[in-house]
Amino acid sequence: MSQTQSHVFPRHCNASLPTAVGGDGCYLIDADGKRYFDGSGGAAVSCLGHSNARVRDAIKAQVDQLAFAHTGFFTSDPAEQLADLLIENAPGELDRVYFVSGGSEAVESAIKLARQYHVENGEPQRRHLIARRQSYHGNTIGALSAGGNAWRRQQFAPLLLDMSHIAPCYEYAEAAEGETPEAYGQRVANELEAEIQRLGEDSVIAFIAEPVVGATLGAVPSVPGYFKRVREICDRYGVLLILDEVMCGMGRTGHLFACDADDVAPDILCIAKGLGAGYQPIGAMLCSRAIYDTIAQGTGFFQHGHTYIGHPVAAAAGLAVVSELLERDLVPQVQARGAYLHSALTARFAQHAHIGDIRGRGLFRGLEFVADRQTKTPFDPALGLAGKLTKAAFAEGLICYPMPGTRDGRHGDHVLLAPPFIATETELDEMVDRLSRAVDTVM
Ligand code: PLP
């Protein structure tokens, strides 16, 4: 069907998109047979590529056996097994898994669970949430309220929950001249303590952050010690730590859970994208035993829920994905390929006049574009560089994830790369070649 006859409500109303008809490893194929290297895995989704036989077979087998059973009445084998596997490998005291259909739902569930926990724990006065500027936690109202991206929030501001936003940990753009990474990390982490004290020491429900910031900053990890200090502050004031690993989790950074690299465990962890690897829509919220027990021994009922939580086919897909990650040792492979990709990007772009920073962890990498490398001055957002780069890359047969900088002129345009974990070194070289040609086209 041609675009003009379409009744689909697309993301961009006036864009004319090719029709995807197939997937083959790291490539997507359109109706004209053109092959696109999936350099961002969609948006850090397709960790196993597009034709994984084990996941496809698991989905087919599950549909044949049981497509759906409402979780108000039944549990299911794939949901139980996937929860066991996640908890076996999860950090800290995480002990229960609440399955949802995607990242925003995981964040919404986390926010509500955190509030209910405090209510049932005898602290109903806790009503504030703290998040970070330049974060993204999803597009539903609660998740969007947590997000700190001014552009995404702007139009919906009257509808959003009142949440505090402190500084992100974004060393490249925000550390002071001569400040060590450690000192910078402590300084920005201490903003959390100051905000808790400002709001009232026993009035904060939770702090939410992405261990490696994805969609809004382009693969920005924290500096050493930052999250340890955050954890200390949360513990001191009884504030729950919610880590949003919807994008950076499930092996993407070279650790099954991104927070493993920071040696910190949250009270609540949100995952999605890589969990279903694009084969099924599935996300999850993992919570600590203490949170679960408080509710189990209190009202016994988390006042939340969606029709498709714990969907058996989605859980079967997730189980096959996590089994693939673990049994094929793909997470250590992400570390090795990530190091290779970082070297390839550095070799190609380190001297580029308009690339100020090359960063990230594992196969989660970002490049930041600047008008002036010395002063780190971003390009004027009105130039629409990110959009132009998306188009140029697509024409080169590369899917990547460029994002515009902020309008306050502090953060530049950037591009996020999140290729499938199965990408070979040759394929990663090809991705860098295509990106390089696209960058040459636009600047
Ligand atoms: N949280 C983070 C960190 C994300 O990157 C995203 C999506 O990009 C979300 C939440 C929302 O996930 P979804 O689009 O599946 O609702």
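The buried residues of helix α13 are covered by elements that include α12 (312–327), β13 (355–361), β14 (364–369) and α15. The model described here is predicted.

**Helix α13**

The residues of α13 that count as buried are Leu330, Val331, Val334, Arg337, Gly338, Leu341 and Leu345. Viewed down the axis of α13, these buried residues fall within an arc of 120°, so they line one face of the helix. The face turned away from that buried side carries exposed residues: Pro332, Ser343, Thr346 and Ala347. The length of α13 (residues 330–349) can be checked too: at 1.5 Å a residue, its 20 residues should span 28 Å, and the 27 Å between its end C-alpha atoms agrees with this.

**Helix α8**

Which residues of α8 are buried? They are Tyr184, Gly185, Val188, Ala189, Leu192 and Ile196. Because the buried residues of α8 fall within an arc of 140° when seen down its axis, they line one face of the helix. Ala194, Gln197 and Arg198 are exposed, on the face of α8 turned away from its buried side. From its first C-alpha to its last, α8 (residues 181–199) reaches 28 Å with 19 residues, close to the 27 Å expected at 1.5 Å a residue. After α8 comes Gly200, which has a positive phi, near 120°.

**The pair α14 and α15**

Two packed helices are described by the angle between their axes and the distance between the axes. Helix α14 (residues 385–395) packs with helix α15 (residues 425–442) at an angle of about 130°, and their axes are 9 Å apart. An angle over 145 degrees would count as roughly antiparallel, and 65 to 115 as roughly perpendicular; α14 and α15 are therefore oblique to each other. Their crossing is right-handed. On the α14 side the residues that meet α15 are Leu385, Lys388, Leu389, Ala392 and Ala393, and their partners in α15 are Arg434, Leu435, Ala438, Val439, Thr441 and Val442.

**Gly39**

Gly39 is found in the loop between β3 (35–38) and α1 (41–44). Is this residue, Gly39, buried or exposed? Gly39 counts as buried because it has 27 C-beta neighbours inside 10 Å, and 20 or more are enough for that. Arg127 is 88 residues from Gly39 in sequence, and the two C-alpha atoms are 41 Å apart in space.

Most residues other than glycine have a negative phi.

| Residue | Phi |
|---|---|
| Gln134 | about 55° |
| Asp263 | near 55° |

Gln134 lies in the loop between β5 and α5 (141–146). The loop that holds Asp263 runs between β10 (240–245) and β11 (268–271). Gln134 is buried because 23 other C-beta atoms lie within 10 Å, whereas Asp263, with 12 other C-beta atoms within 10 Å, is exposed.

Notes. Residues numbered from 1 in each chain as written. Predicted model: local features only at pLDDT ≥ 70, side-chain atom pairs only at ≥ 80, totals over all residues. Helix = DSSP H or I, 4+ residues; strand = E, 2+ residues; numbered from the N terminus. Expected span 1.5 Å × (residues − 1). Arc of directions from axis to C-beta. Axes fitted to C-alpha atoms, helices over the stretch in contact; angles between N-to-C directions. Parallel < 35°, antiparallel > 145°, perpendicular 65-115°, else oblique. Left-handed = near helix turned anticlockwise from the far one by under 90°. Contact = placed C-beta atoms within 7 Å.
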